[in-house]
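Subject: Structure for your review

Dear colleague,

Please find below the structure that I am handing over to you. My findings follow directly after it.

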Amino acid sequence: MEIHPLTELDEGQIARVKNILSTGSMRRRLQDIGLIENTDVQCMQKSPSGDPIAYLIRGAIIALRTEDSGNILVQFH
Amino acid sequence: MGLTSNSTGLGAIDSGLVIEKQHPTDRVIALAGNPNVGKSTVFNELTGLNQHTGNWPGKTVSCAQGTHRYKDTEYIFVDIPGTYSLMAHSAEEEVARDFICFGEPEAVVVVCDATCLERNLNLVLQTIEITPNVVVCVNLMDEAAKKKISIDLEKLEKALGVPVVGASARSGKGLDRLMEKTAGLASGSFSSCPINIRYIAAIEEAISILQPIVEKKAVKNLAPRWIALKLLDYDPALLRSLSDYLGFSVLDDPEISQGLKRALAKLLEHGISKEQLRDKIVSCIVLAAEEVCLDAVTFHKHDYDVRDRKIDRLLTSRRTGIPIMLALLTGIFWLTITGANYPSQLLSQALFWGQDRLGEFFVWIGAPQWLNEMLVLGVYRVLAWVVSVMLPPMAIFFPLFTILEDLGYLPRVAFNLDHFFKKASACGKQALTMCMGFGCNAAGIVGCRIIDSPRERLIAIITNNFVPCNGRLPGP
C-alpha cells in the first residue's frame, strides 16, 4: 500500500498512521495525544487558508500545522 | 479563583513544594489532570475560598493549594499543573511529576474528561505506575451524556484497579463520592491494586532484571517497577531528583549500575536502542489505554455530533469562516463601545453630583482649601472619572467574551487565523490573547500561557501592549 503524508487527506477521509518522522518535542507532543503507529486519524476540517487542518485523533479534535502533519505518514483506507 | 488577600501580595511569595500541615492528621491530596478537563472547577468546588496561590520554587509555574474539610479531617488539595503526560517534556510536566513522586501526597486525584477518556487515561496510567493511591475522577459526565457516550465506571474501576468516580463538577455532582473515595484511600481504610501496564517482551525482560535489585534498596513509597523503568529510560533530571529524595545516588550504586548495564544489553540484544525505547514505552501505555476504553466506553451514536460538525464547517470554512468572525467581533465592539455610553453617562452624572456635594460639605466644616482641592478635586474626581469611563465597557466586554469562550468559538478563531499569524512567526492563539487585551492588557498577557512555544509566547506578550484596552478605546 502506498504511503502519503497526512496533509494529503481530504475532509472526512480516514487513514492509518504508519510512520512518524517528527523529532524532538513535536514527536513527544504527538505521542502524548495518542498519535502512534497504527492509530486511525480522520481529517475533520481545513481552516480557511488550508493550514492548519483539524484532525480527529482518539476521540479528540486537534489542529495541526501542515509543517507538522507533513511529517506524519499514513496509509489511506 | 478570586484574588484574596492571601493569594496576592506578600502572602503569595512563600508558597512552595513544601506543604505545611496545620495539624498532623491533615492529608495532602494532589489534583492532576489534562488541561481543560475542569480540574480547576473541581478544585474550586472543593476548596471554595480557602485557597492560596503562588509559584513553584524556582519555576514560573503557578501552584494553587486549598483546604477542604471532610468528616473532621482537613484535606489540603494541591492543584498541580495540567499536563498530558508525566514524561517531563516541559516545566509543567516536571513540576507535576516531581510532586506526585517526591511530594509525598497521601493520594492523587486524576481528573479526566469523559468526552475523550482514552486520551486522558494516558496520564492516569502513568500516575498509577508511580503510586497505587490514585482516585480517577471522570468529570464532564453530563457533557458525555449529551454526546451519547456512556462510560461503565465499574468496568473502568475493575480494569484500572483504582477507585473511579463519575462527576459533573460544574453542578457539583459526584464530588461527595470523590471525597469519600479519596478519604478512604488516604487514610488507608482500603487499598487499591492498580494494573501493571504490560510492556513488550524485551522491555519486560529488562525490567525483571532491574526490579529485584531496586526492591532490595530503600525506595520509600515509590514503586520499584517504576524506578526500574525510569532507570532504563535514562532521564538525568529525574534520576538526580530521585537520588536527592532517596538519599543515595542511584546510578553510583554498584548493584544498580551493574544491573542497568545488563538490562540495557538485553534491550540491545532485542534491537531496541535508547531512542526507540521511549517510543515503545509510550506506545504500550497508549495501547493499554485503548484496551481499557474498548471495554468501558460505548459511543451510542456515531453521528451524535452532526449538528456540531455543520456549525464547525460554517464557522471555519473558506467561504464563511472569516466573514462570520469579522461580523461577530465587530458586533462585540459595537455593543461595547456604543452600549457603554449610556451607563457611562449615568455614572459620571451621579459621581460628579457626589463631587459637588462633597465639596459643599468640605466648605461647611470649614476645611482649608488645599485639603478640599487635594481630596475632592484630586482623589475623588480622578477615581470617579476612571470608574465612569472604564467600568461600563468592561462590564459589557468581558461577559460577551466569556459567552464566546463558553460556546467554544474562540479556539475556532485561533484555527482560522493561525495561518496569518504564522507568517509573522506567531501563533493563532495570539488572536485570543489580543482580543482579551481589548478588555485589559494585563488579563491578555496572563492569558499568553496558553501558547506553547516559548518564542511565540514571548511575541504575544510583548505585542499585547499595542492592543488598546477598554480604557484606551476611542469614544464614539
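**Domains of chain B**

In this predicted model, the centres of domain 1 of chain B and domain 2 of chain B, taken over C-alpha atoms, are separated by 28 Å. These belong to a division of chain B into domain 1 (9-187), domain 2 (201-272) and domain 3 (315-472).

Where domain 1 of chain B meets domain 2 of chain B, eight residues of domain 1 are in contact with nine residues of domain 2. On the domain 1 side, the elements that contribute two or more residues are α2 (91-102) and α3 (117-130) of chain B. Of the elements on that side, α2(B) gives the most, with four residues.

**Packing of α3(B) against α11(B)**

The helix α3(B) also packs with helix α11 (residues 274-296) of chain B, at an angle of about 120 degrees and with the two axes 8 Å apart. That angle is why α3(B) is classed as oblique to α11(B). The crossing of the two helices, α3(B) and α11(B), is right-handed.

From α3(B), the residues taking part are L117(B), E118(B), L121(B), N122(B), L125(B) and Q126(B). Their counterparts in α11(B) are I285(B), V286(B), A288(B), A289(B), E290(B), V292(B) and C293(B). The residues of this contact between α3(B) and α11(B) divide into nine nonpolar, two polar and two charged.

**Chain B as a whole**

Chain B contains 18 helices and nine strands. Along the principal axes, its C-alpha atoms fill a box of roughly 90 × 60 × 45 Å. Chain B has 476 residues, of which 36% count as buried. Among the contacts in chain B with a separation of 6 or more, 70% are accounted for by residues 24 or more positions apart.

**The interface between the chains**

Between the two chains, 19 residues of chain A are in contact with 23 residues of chain B. On the chain A side, α1 (24-32) and β5 (60-64) each supply at least two residues. The largest share of that side, four residues, comes from α1(A). The residues of chain A that touch chain B divide into seven nonpolar, seven polar and five charged.

Yours sincerely

Definitions and conventions:
Residues are numbered from 1 along each chain as its sequence is written. Chains are lettered from A and ligands numbered from 1 in the order in which they are written. This is a predicted model: local features need pLDDT of at least 70, side-chain atom pairs count only at pLDDT 80 or more; totals for chains, interfaces and linings use all residues. Domain bounds come from an automatic or database domain assignment. Two residues are in contact if their C-beta atoms, placed from the backbone, lie within 7 Å. Ala, Val, Leu, Ile, Met, Phe, Trp, Tyr, Cys and Pro count as nonpolar, Asp, Glu, Lys and Arg as charged, and the others, Gly among them, as polar. Axes are lines fitted to C-alpha atoms, for helices over the stretch in contact, and angles run from 0 to 180 degrees between N-to-C directions. Angles under 35 degrees count as roughly parallel, over 145 as roughly antiparallel, 65 to 115 as roughly perpendicular and the rest as oblique. A crossing is left-handed if the near helix is turned anticlockwise from the far one by less than a right angle, and right-handed if clockwise. A residue is buried if 20 or more other C-beta atoms lie within 10 Å of its own, exposed if 12 or fewer, and partly exposed in between; C-beta atoms are placed from the backbone.
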